[in-house]
Amino acid sequence: MANLHFHYGTMGSSKSAQLVITAYNFNQNGTDTEVLKPAFDTRFSNSEIVSRIGIKTPAVALPNLNTYTPKPSTKFILVDEVQFFTPSDIDKLVQIADGKNIIVMCYGLMVDSNEQLFPASKRLIEVGAKLHRMESCCQMPGCTKLATHHLRFDSTGRVIRAGDQFALGDSNYKSVCRQHFNAIYHNQKTKGR
Ligand SMILES: [Zn+2]
């Protein structure tokens with residue numbers, strides 16, 4: 001079994017819910033599991049991961065993984081919002097997975113709202129993490145295509161084409177298919193739009 005996993009998907013693709021379910025199952029089995037999240041993801045709580053559908057699990061919030069050391073009994077590490085860590089944090093997770101016989105499962109976004117890979121997500125691909133796509137539908141009305149991209153809007157509904165890759169919260173984001181991304185972000189005409 002691979003010892004480093006990246007479960008990726010757009011916002012709203014149930015990544016946190018899946019993490020919470022996985023943590024629950026491991027704990028039910030008596031398998032020592034640690035749950036980590038970046039300290040600046042403060043949308044809900046610093047000591048929990050709360051899924052949009054309401055299920056939650058305790059978590060430890062860390063600003064980085066420089067000094068992080070798992071407990072000796074830990075068998076699994078689950079990491080939420082992994083895109084907000086740095087490439088060197090990913091390298092630390094690789095050291096832990098390979099050096100301590102621990103399985104590391106990361107959950108997060110692949111690309112930002114400018115169709116660019118998050119640095120941590122890019123690093124996960126480079127180091128050979130096993131990729132698992134979490135699928136969800138485009139959020140444009142009536143569209144049933146696979147959501148692969150994000151669009152970010154300002155308060156007047158205009159699309160934002162540059163800016164902070166690390167903006168938190170998702171009230172101004174939509175998860176959309178590639179065709180709707182190209183149509184709206186690049187103003188391209190798309191068949192069937
Ligand atoms: Zn679409």
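Isoleucine 21 counts as partly exposed, because its relative accessibility is 38% (buried means under 20% relative accessible area, exposed over 50%, partly exposed in between, with a 1.4 Å probe and protein chains only). This is a predicted model, where local features need pLDDT of at least 70, side-chain atom pairs count only at pLDDT 80 or more, and totals for chains, interfaces and linings use all residues. Residues are numbered from 1 along each chain as its sequence is written, and side-chain values use heavy atoms, with hydrogens and water left out.

Now, where does isoleucine 21 sit? It's found in helix α1 (helices are DSSP runs of H or I with at least four residues, strands are E runs of at least two, numbered from the N terminus). Zooming out, the protein chain has four helices and 10 strands, running β-α-β-β-β-β-β-α-β-α-β-β-β-α along the sequence. Of its 193 residues, 48% are buried.

Helix α1 (15–28) also turns up at the second largest pocket, where α1, β2 (33–38) and β4 (56–58) each supply at least two lining residues. A pocket here is an open set of points on a 1 Å grid over the protein atoms alone, where a 1.4 Å probe fits, with protein on both sides within 12 Å along at least five of seven lines; lining residues have an atom within 4 Å of a point. β2 gives the most to this lining, with four residues. Among the residues lining the second largest pocket are Ala23, Asn27, Tyr68 and Lys71.
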